[in-house]
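Hi,

Here is the model I said I would pass on.

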Amino acid sequence: MYSPQRQDFVSLTLGDQYSRSYTNGKHRRQSCWRKWKQLSRLQRSLILFLLAFLFICGILSYPSLTEQWRGLSDRSIKEDWVEMDNGGLRPIPPGLVPKIPPGVVPGFQDIPPEVMPEIQRPSIPLLPKPPAMRKPPSKRGPPVLQKRGNVSDWQVKDGEEEIVKRDEDGGKEAKTVISWRGAMIEAEQGTELQSTAHGKEGTVADAEKAASLKPVTVKAVDRVEAVREAFRHAWKGYKAFAWGHDELKPISKTHGEWFGLGLTLIDALDTMWILGLKDEFAEARKWVETELSFSKNVDVNLFESTIRILGGLLSTYHLTGDTLFLDKAKDIGFRLMPAFKTPSKIPYSDVNIGKGTAHPPRWTTDSTVAEVTSIQLEFRELSRLTQDPQYQNAVEEVTRQVHRLEGKRDGLVPMFINTNSGKFTRRGAFTLGARADSYYEYLLKQWLQGGKKETELLEDYLQAIEGVRKNLLRQTSPSKLTFVGELSNGHLNPKMDHLVCFLPGTLALGAHNGLPADHMDLALQLMETCHQMYAQMETGLSPEIAHFNLQSSNGRDIDVKPADRHNLLRPETVESLFYMYRFTKDSKYRDWGWDILQSFNKYTRVPSGGYTSIGNVRDPVNPAPRDKMESFFLGETLKYLFLLFSDDSELISLDKYIFNTEAHPLPIWPSTS
Ligand code: DMJ
């Protein structure tokens, strides 16, 4: 059917494409213009409005699209889930009806050999210990000696310290800016005064000399205070620009929304309690009491909301005894349950907590293995507290299915599982990083949570660690750093996500609980590697992913690809430092953590409040701030740093609590016997 109006529209939008000659083009332009004039005023207005609207939409969506593109590799953007069937595992919490079948395992030494015959004798020998590391090439002198000529505006504002050096005539020579304050180390301030007193710029030689000076030990109490100060600074930004929203965007001084549930505030509750920040805690509690509502038509990711919100509320309830938090935990826990209504009982990734509906990601029916196997600590605890077994039953069904599933390689799991079939998909790739990491963590921690009674969890954990040794462990050249690579169809890719740095801490926790001593040896080696991932970068901050040299041609053990140079303020390394210090009392772990805190203060602290993810850990002049403070910076990173520096080892005793994968401590269940 002929439609003049449609033809006009087409000629308007596509006219130039079809012009064949100047004459034709002229004709067409004239005819376009004529036809445009023939349109009614209303029609013309509508078309112009539509074009303007599309243009504005394009402009507005650009930043969020690029943000998404950048975040594609971030494991925190997860979308999948698994299923399970009924069967074996079930830690019955104290107070719940049925009793755990015997097979009590008080410690690894007591595990009957038939449970895991070959696990007690690892078949793969430990890798040789790496030699003591050289000091990383001199990239990082004390702040004052680092020329910061191009320091970006976001780093220097709002009353931050600014030291202007003068030449011998008193003229202005150069500015050295310290972008933090309060959390300062006396030793560095001393160095600073010394060098500026000469009235000269620090040379590279000066910097190297200063860097090699033995740092004055900063007292634990000062370090603890420095963490409190960092938290207050982050909170200041959150309060001013993002109060009640999910995330602070500290540079643009606004907020970002993910679920619209005050994610940062909830994630930070128990941190404030542990740090003793009473005023901040009180105002946050008020918000939870008066503003927080889960009755919202919003899709949330099951895993992320479980570990951050449910986990955060449960731990805050335990620490404070305040039933407000338990009531909120019950509310969100119940609203998440529709996720488990799938053909396989492996939960979907997304739940609408207002409508009670759930669905997988739009592009797949696969779920991420780490996501479906890292919600168990929280739901099991919810059942224990409510005496309602539905939560525990749902998550243990997942555990049972994964336990029995084919497709593992020496205890290592693939990254995806299908919500319809309940089978692993996209087999052949194995990692301890994104999409698989916390599966291993939760095997051990559930075993501990339930009082070391669930032998299948322990069996799976021990097999997996042997699987890591056999398939993924390698050493770098030239320094023999031990790392955990990734396996792809039988080929080892020598790369490691920063996420894998949870592993030293988990291994140490297992060894502390009676698992083989060589787990601790491996933990020591991997901890060194994770430390080097920070120490060898120009900013002192780790990249998201490190590539390791097996045969170094450039003298470096670690390379970083341009796309992997970001740092999201992640916690895994300081988490492991905390465990390693608690179990060894070796002060070097505190020193390493202190270095990391200083680098966060130097390169990620935003003067007006908050800390930001950065895009380039190799560029101290422009670390490329990304304008986002993830909730786990307050929920995890600063909490672990505080606990690392605290001399009170009874503060969240590791014999009484297990930390969920978002650093929320949950109690180890009291023995029913
Ligand atoms: C956190 O949400 C959790 O630690 C999770 O297990 C991994 N990703 C982030 C921190 O890096």
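Where does Glu544 lie? Glu544 sits in the loop between helix 17 (517-535) and strand 17 (545-548); helices (H or I, at least four residues) and strands (E, at least two) are DSSP runs, numbered from the N terminus.

Before the rest, some housekeeping. This is a predicted model, in which local features need pLDDT of at least 70 and side-chain atom pairs count only at pLDDT 80 or more, while totals for chains, interfaces and linings use all residues. Residues are numbered from 1 along each chain as its sequence is written, and side-chain values use heavy atoms, with hydrogens and water left out.

**Annotated positions**

An unreviewed UniProt entry places the feature "active site" at Glu304, Asp437, Glu544 and Glu572. Those positions are in the numbering used here, feature names are shortened, and annotations may be inferred rather than shown by experiment. Glu544 counts as buried because its relative accessibility is 5% (buried means under 20% relative accessible area, exposed over 50%, partly exposed in between, with a 1.4 Å probe and protein chains only). Asp437 is part of helix 14 (residues 437-449), and at 4% relative accessibility Asp437 is buried too.

UniProt (unreviewed entry) also has a "binding site" at Thr661. You'll find Thr661 in the loop between strand 19 (657-659) and strand 20 (665-667), buried with a relative accessible area of 15%. Leaving aside neighbours within four places in sequence, Thr661 is in contact (heavy atoms within 4.5 Å) with Phe303, Ile307, Ser438, Glu441, Tyr442 and Glu636. With Glu441 there is a side-chain to side-chain polar contact at 2.9 Å; that term covers a pair of N or O atoms within 3.5 Å, where within protein one must be able to donate a hydrogen and the other to accept it, and residues adjacent in sequence count only if both atoms are side-chain atoms.

Helix 20 (residues 631-645) is largely enclosed by the rest of the structure, because 15 of its 15 residues are buried.

Cheers
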